[in-house]
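Dear colleague,

Please find below the structure that I am handing over to you. My notes on it follow directly after.

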Amino acid sequence: MLTACGGTAEESEDGGINQDTAVTVAWEAPLNELNLSSTNGNATQNSVISYMLNSGFNYYDDQLELVQDESFGTYEKVSDDPLTVKYTVGDDTKWSDGTAFDATDVLLQWAATSATFNNVEPVTDENGEVTNQDAVDAGVFFDGTTPGPSLIDEIPTISDDGKSITFVYSKPFGDWELDFTNQFVPAHVVGQQSLELTDAQEAKDAVRDAILGSDYAKLSPIAKFWNSGFEFTSMPDDKSLTVSNGAYTLEEYVENEYLTLKKNPDFKGKNQGSVETITVRYIEDPMAQVQALQNGEVDLIGPQASADVRSALEALPEVSTNNSVEGTFEHVDLVFGNKGPFDPTNPVYGGDAEKAKKVRQAFLLTIPRQTIVDNLIVPLNPDAEVRSSQILIPGSPNYDKMVADNGSDFYPAAGDIEKAKALLAEAGVTTPINVRFAYNNENARRVNQVALITDSAAKAGFTIVDTGRPAAEWGTLLGTGQDQYDASLFGWQSTSTAVTESDANFRFAPERGLNNYGLYNNPAVDAALDKLQVSTDPEEQFQLQLEIEKQLWADGFGTTIFQFPAIQAWDEKLEGVEPITISPTIFYNFWNWKLGA
């Protein structure tokens, strides 16, 4: 909470920090990993914390325009043909343990997200761990594939001083500037942990040499540690796992309760921490967040919006609020690869993929999207509408054109029970059809949505089997437990303005997209995504996105429901708060936070 008016922190007599500039923020879900590029770490709850811990070559401003952070380093496009990009790290850029951040840290990010060295088709256990990597001699599997690095086939070159790294792309890539930003993990820590080395420089050099020399025997343990070594849900005994390169360091973490960040005194970058400590308290219940703000226990909240939350905040004195929309949208995805009711390989369909498609389409027709929006979202945003694009945000330049042509009108916003019944009859499928439905069952709004979907789906012959999980278990279920559910309800939050951002959601080959939890597989979509990666013409980009959406809606991939309404609030004594629509939302601009009188 706010503990003073203005001024700066001072050292107390015992050497501790006087909490004059301590700010406390409420957030709904706890940190579980500091590697944002791994399958498990790729989550908003992690990125908002990492945003304050780590810097990078660029960041977004409040207009969602990219700003180069030259205090961290510089980058330049050296050539267009082939696309060649050079990154140079600044002399003062260091990890919080004093180890220099250099080209090897960027090199590791490329190796881990390009799939260049992967030689194992992974099999995972219930916790998402790859179980068959040891079954292959020197088996390597990094689980962080992303589009841009995958287009860099050549081993990058590093300058003699270790400060610069140059990438040569095999194809043009319009979003190249977003490839290597601020999602790095410390290469020296990876080397120390995976190769049993103690000296930081020796460990970093070993990682560099393993990558540049394609040494699979060393890359195998490096990949294992990179995939899960930075996972933790409380303060780890080994503090090297919390090393950061930005404005703050992680000082304390009590599981499911709170974590505290402390201003990094050795950070020389542009966006210095403006308050001495930031404590993030984990409060799942939105109304409990409001109560904590009212009681002065926290200073800034970004709860899930509801009518009760809005009314309660409007009644609070000396509180600033922001009502808008987020870059997150709610959606239902179906699972294609688990032998369930939506899987074309389900023996019930006798190899007839068209039958499975009709069952998927029928189920999506039962989802009462308009009712959900009217009941749960309109009270917060009177202008709220059903979202009908898988890729574009409502209000974006091509949204209306996309919705008019993408085939989403096959699924009326109000649903169509009779049409669903007709499709099931055409497929010759006996009802009731059990659909195991996965979601975060500690989230009140999602509980209400599932109740509405359950009632509506039953009218067409679908029985919803509740496989919801609490927040602590939800992420693992979604990512690796597809054999336990057939449909999922959750939100996707935009973290960038990249036209290729949707690649991770829909791609199956050559490497399944990080967010393709439903195991969707359409070669035509993959081919269009391939073209989108290398397109630099805005009109061509839109036409490719339209082509992708037509396939998604026709295939019964899933359905979109609504754009998240945003309600954020903070003590009016906390100045400089400026939430943005994409991640990190309320944590944006932390370097300008000030405590007023």
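Ser164 is buried, with a relative accessible area of 8%. Please bear in mind that this is a predicted model. The cut-off for calling a residue buried is a relative accessible area under 20%, and Ser164 is therefore placed in that class by its 8%.

Ser164 belongs to strand E7, which covers residues 164–168. The side chain of Ser164 makes a polar contact of 2.8 Å with the side chain of Thr88. When neighbours within four places in sequence are set aside, the residues in contact with Ser164 are Lys86, Tyr87, Thr88, Ala103, Thr157, Ile158 and Ser159.

**Asn440**

A polar atom of the Asn440 side chain lies 2.9 Å from the backbone nitrogen of Glu442.

Apart from residues up to four places away in sequence, Asn440 touches Glu284, Arg446, Arg469, Pro470, Ala471 and Trp474. As for Leu53, which is 387 residues from Asn440 along the chain, the C-alpha atoms of the two residues are separated by 27 Å.

**Strand E12 and its partners**

Strand E12 (residues 319–334) is paired with strand E16 (residues 558–571) through 12 bridges, and the two strands run antiparallel. Within this pairing, Val325 stands opposite Pro565 of E16.

E12 is also joined to strand E15 (residues 487–493), here by seven bridges and again in an antiparallel arrangement. In this case Phe329 stands opposite Trp492 of E15.

**Helix H9**

Helix H9 comprises 13 residues, 353–365. The distance from its first C-alpha to its last is 19 Å, close to the 18 Å expected at 1.5 Å a residue. At the start of H9, a side-chain oxygen of Asp352 comes within 3.0 Å of the backbone nitrogen of Glu354.

Which residues of H9 are buried? They are Ala356, Lys358, Val359, Arg360, Gln361, Ala362, Phe363, Leu364 and Leu365. An α-helix has 3.6 residues a turn, so residues three or four places apart point the same way.

With kind regards

Conventions. Residues are numbered from 1 along each chain as its sequence is written. This is a predicted model: local features need pLDDT of at least 70, side-chain atom pairs count only at pLDDT 80 or more; totals for chains, interfaces and linings use all residues. Side-chain values use heavy atoms; hydrogens and water are left out. Helices (H or I, at least four residues) and strands (E, at least two) are DSSP runs, numbered from the N terminus. Buried means under 20% relative accessible area, exposed over 50%, partly exposed in between (1.4 Å probe, protein chains only). A polar contact is a pair of N or O atoms within 3.5 Å; within protein, one must be able to donate a hydrogen and the other to accept it, and residues adjacent in sequence count only if both atoms are side-chain atoms. Contact means heavy atoms within 4.5 Å. Two strands pair if DSSP finds at least two bridges between them. The expected span of a helix is 1.5 Å times one less than its number of residues.
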